[in-house]
Amino acid sequence: MRRRGVDFRRPVRRRLSNVVWWTICGIAVLVFIVILSKEGQIESRPTISRRPYWHDRIMEGLNITDEMLSPNSVTRQLSDQISLAKAFVVIAKESNNLQLAWELSAQIRNSQALLSNAATRRTPLTVGESETAVRDMALLLYQAQQLHYDSATMIMRLKAKIQALEEQMSSVSEKSSKYGQIAAEEVPKSLYCLGVQLTTEWFGNPNLQRKLRERKQLEAKLKDNSMYHFCVFSDNILASSVVVNSTALNSKNPDKVVFHLVTDEINYSAMKAWFTMNSFQGVTVEVQKFEDFKWLNASYVPVLKQLQDSETQSYYFSGHNDDGRTPIKFRNPKYLSILNHLRFYLPEVFPALKKVVFLDDDIVVQKDLSGLFSIDLNGNVNGAVETCMETFHRYHKYLNYSHPLIRAHFDPDACGWAFGMNVFDLVEWRKRNVTGIYHYWQERNVDRTLWKLGTLPPGLLTFYGLTEALDPSWHVLGLGYTNVDSQLIEKGAVLHFNVNQKAGLK
């Protein structure tokens, strides 16, 4: 009976062990499924969190728009074709295949014109208008590939070409910059003594001073906000004269136009003589010198304070090449000229005015500009034409985005705009303390780590979020620097000569 009892209990143990075994297997499967699902969640989470980080890193260094990210972007296709075609042009010239190089160059210009026109009208290219250009370029690229321009050959030849060009550039670029700066500051030989002659005329001709006193009867116009007030800050007599004269000739009401010219002590008498001798269609012209501005001192103006710094003086005036670390064009002393920086002190220069149009001395006016004074700036301080077109002049092109202060406050893809023809609302300027904003950024750029060149970078910082975009026809840029469409030139109100050879010296 005991043996049978023992034998009887054995199958129960087997069944029990089988249940335990299957339970353990089931639990293991469930654990495995849970682990897999968690791994899937872990893998999926970085996809969401990684995208903004990836997006920020790319957008910080490159100028990418939604259109360029589109899988059907014709603009990107044309841009890729242009890049490849430029490489083939170099190889074709090296191989003495001038016909193919010429055809590729012509097609490149055609494609660039399409991109430029699309950027100007601010609408993406359509397949219909770009189909011919894409097909023609594709045929030329295929033809180039069918020759001996394989990838390995292209890479080797391009490397050799780049090395040769870099060697030439290192020996020529600094000389070119130095000579270019000298030429830009000079005037033609025939006009070299104009300032001296005018100064002599001013002090030797009492009739000129009498005429100026008679004109001061119109002094009320200088503070009359119903007039059209323009300002030019320049030491160039002829260039300033071109601006005033071209504005007067195209004005519908020249008697309502008032020009405020600010120059330096050296050119003050010559400027007064010139603008007293000429009537300019009845336009009212006031000539001042910045040395008379009592508020313009080193304790208030950061640029003047920086001029007293020995390190700044050495950087701009010593003539040392800085061991090649900084291009010479960034060290031109003209960028510290107070005439360049007076544009940030308009409320102090014109305390009685509410609105003023700032004009550079390298522009020519060919339309009536009175319409600028009726433009609604929508609460902004600065009205300017934006420049982020085909050449993509956005903030990251002017500012140092490796600096945390710049990176924290400004969108690298924000659209740049142009100095040279700007409408300034001085009432809003005073409310927003815009000059104080300018001082803030100038004081933080003493070591030149935020930006290096000119007045545009501090202008972009100062008027960030305070700039109203104007119609591009008001201000056409790039004349003498790039190929500007003739239709844009014809429609433009202000033509800006962005070259050393200014309009006033032609």
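**Close-up views of the predicted model**

**View A. Arg448 in the loop between H17 and H18.** With a relative accessibility of 13%, Arg448 counts as buried, because the cut-off for burial is under 20% relative accessible area. The model shown here, as in every view below, is predicted. Arg448 has a positive phi of about 60°, although the residue is not a glycine.

**View B. Phe280 in the loop between H10 and strand E3 (284–289).** Phe280 is a residue other than glycine, yet its phi is positive, near 55°. Phe280 is buried, and its relative accessible area is 7%.

View C. Of the 13 residues in H10, ten are buried, so the helix is largely enclosed by the rest of the structure. The buried residues are Asn267, Tyr268, Ser269, Ala270, Met271, Lys272, Ala273, Trp274, Phe275 and Thr276.

**View D. Ser240 in helix H9 (residues 237–250).** Ser240 counts as buried, at 1% relative accessibility. Leaving aside residues up to four places away in sequence, Ser240 touches Val232, Ser234, Met271 and Phe275. Met271 and Phe275 are also among the buried residues of H10.

**View E. The largest nonpolar core, which has 42 residues.** The residues with the most contacts inside this core are Phe233, Leu342, Leu346, Phe424 and Phe463. At least two residues of the core come from each of strand E1 (228–233), helix H13 (338–341), helix H14 (346–349), strand E4 (355–359), helix H16 (426–432), helix H17 (434–443) and helix H18 (456–462). Apart from this core lies another, of 40 residues, which includes Leu238, Ala273, Val285 and Val423. In soluble globular proteins, nonpolar side chains tend to be buried together.

**View F. The contacts of Phe463.** When residues up to four places away in sequence are not counted, Phe463 touches Phe344, Val381, Asn382, Trp417, Phe419, Phe424, Trp429 and Val434. Phe424 is itself one of the residues with the most contacts inside the largest nonpolar core.

**View G. A nonpolar patch on the surface, formed by Val29, Leu30 and Ile33.** Together these three residues have about 290 Å² of accessible area. Ile33 is found in helix H1 (residues 2–61). Ile33 is partly exposed, with a relative accessible area of 49%. An α-helix has 3.6 residues a turn, so residues three or four places apart point the same way.

Terms used. Residues numbered from 1 in each chain as written. Predicted model: local features only at pLDDT ≥ 70, side-chain atom pairs only at ≥ 80, totals over all residues. Heavy atoms only, no water. Patch = residues over 30% accessible without salt bridge, like charges linked within 9 Å, V, L, I, M, F, W, Y side chains within 5 Å. Areas by Shrake-Rupley, 256 points an atom, 1.4 Å probe, with all protein chains shown as cover. Salt bridge = Lys/Arg side-chain N within 4 Å of Asp/Glu carboxyl O. Helix = DSSP H or I, 4+ residues; strand = E, 2+ residues; numbered from the N terminus. Buried < 20%, exposed > 50% of the residue type's maximum accessible area, 1.4 Å probe, protein only. Core = buried A, V, L, I, M, F, W, Y, C linked by side-chain atoms within 4.5 Å. Contact = heavy atoms within 4.5 Å.
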